[in-house]
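Please open the model in your viewer and keep the selection tool at hand. The tour below moves from one selection to the next and says what is found at each stop.

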Amino acid sequence: MTARESHIKLERSGAVAIITIDRTARFNSLDVETAQDLRRTALKCARDEEVRAVVLRGSGGIFCSGADLKYIRAGGDRGDLGYLQPDAREVPRGYGEVFKQILEYLHSTISEIRRSSTPFIAAVDGIAAAGGFGLAMSCDLVFASPRAAFEWAYSRTGLTGAESSTFLLPRLVGLRRALGLLLLNPRLDPARALEMGLINGILPQDRFDDEVIGVARKVAAGPAHAFGVAKSLMNQAAGIDRLDHHLDRELEQLARSADGPEFAEGLEAFFGRREPHFERG
């Protein structure tokens with residue numbers, strides 16, 4: 001049996017680990033296998049005592065577009081979905097169940113990033129939308145290239161939000177701005193994202209990767225124990241100890257919305273390249 005090729009790549013540069021989501025044909029979106037590999041790789045880096053900083057990035061001028069809607073629309077893959085299901089049980093085919101399989105892994109990854117004493121740095125070069133937006137926001141530092149863009153995006157397909165977005169956004173930008181991102185769904189350029197406090201800085205396009213690695217090396221050269229303890233204390237102050245419970249609620253509500261008529265319309269509109277028409281319930 002030939003081993004499958006993972007879309008999650010791991011490199012090392014001294015004490016810096018670099019995780020790359022490399023699925024550009026699907027806009028670096030996540031199916032079950034990719035989400036599973038991302039979780040495994042993030043855990044490996046977070047628990048490696050020789051790794052003192054982790055860079056998370058995407059390939060091909062895209063950061064991450066969240067869960068793979070084409071994969072979800074097709075009902076997922078029976079082999080993928082069976083991974084978390086007993087062999088004797090029929091795998092449900094609803095959209096919500098497919099989302100659950102992806103988000104179980106992605107939420108676990110986000111939880112590990114927040115709980116880890118190792119600093120995680122998001123390098124956003126291109127679009128970070130929906131789950132990709134949430135994944136970037138869960139990192140300790142976020143740097144963007146001039147061509148980066150940030151978008152809530154869930155509401156475009158009638159979804160409620162997940163991947164820590166409804167938890168972290170009010171803490172990062174305040175409730176009023178977070179509701180603006182939810183209800184108006186603007187696509188933010190790096191300058192606006194910086195102004196709102198979503199990112200730490202904008203780095204030059206022609207040196208972006210090198211500049212991010214330079215930041216990671218600076219972090220890696222710092223006092224790892226002191227950084228880890230201080231990160232934990234700041235997490236406590238921000239209520240991050242409630243994140244896992246909130247992620248469970250996000251998963252529950254998004255799966256429910258994915259089985260509803262608004263997502264069905266939003267999904268067809270997305271692939272039909274038209275505006276969705278959401279009817280009143």
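This is a predicted model: local features need pLDDT of at least 70, side-chain atom pairs count only at pLDDT 80 or more; totals for chains, interfaces and linings use all residues.

Begin by selecting L179, which is found in helix α7, a helix that covers residues 175–184. Is L179 buried, partly exposed or exposed? With a relative accessible area of 35%, L179 is partly exposed, because that value lies in the range between 20% and 50% that separates buried from exposed residues.

Now extend the selection to L175, L183 and L184, which together with L179 form a nonpolar patch on the surface. The accessible area of these four leucines together comes to about 450 Å².

From the nonpolar patch, turn to charged side chains. Side chains of opposite charge can pair when their charged atoms come close. How many salt bridges does a search of the whole structure find? The search finds 21, and the next stops visit some of them.

Select E268 and R73, whose side chains meet in a salt bridge with an N to O distance of 3.0 Å.

Next, select R147 and D125, where the side chains form a salt bridge at 2.7 Å, N to O. Here too the pair links distant parts of the chain, 22 residues apart: R147 lies in the loop between β6 (141–144) and β7 (149–151), and D125 in the loop between β4 (120–124) and β5 (127–129).

Move on to E211 and R207, which meet through their side chains in a salt bridge of 3.1 Å, N to O. E211 counts as partly exposed at 27% relative accessibility, and R207 is also partly exposed, with a relative accessible area of 42%.

For the last stop, select R23, R26, D31 and D68 together and display their side chains. These four residues are linked in a network of salt bridges, so that the tour, having passed through individual pairs, ends at a group of charged residues.

How values were computed: Residues are numbered from 1 along each chain as its sequence is written. Side-chain values use heavy atoms; hydrogens and water are left out. Helices (H or I, at least four residues) and strands (E, at least two) are DSSP runs, numbered from the N terminus. Buried means under 20% relative accessible area, exposed over 50%, partly exposed in between (1.4 Å probe, protein chains only). Patches are made of residues with over 30% relative accessible area and no salt bridge: like charges are joined within 9 Å, nonpolar side chains (Val, Leu, Ile, Met, Phe, Trp, Tyr) within 5 Å. Accessible areas come from the Shrake-Rupley method with a 1.4 Å probe; for residues, only the protein chains shown count as cover.
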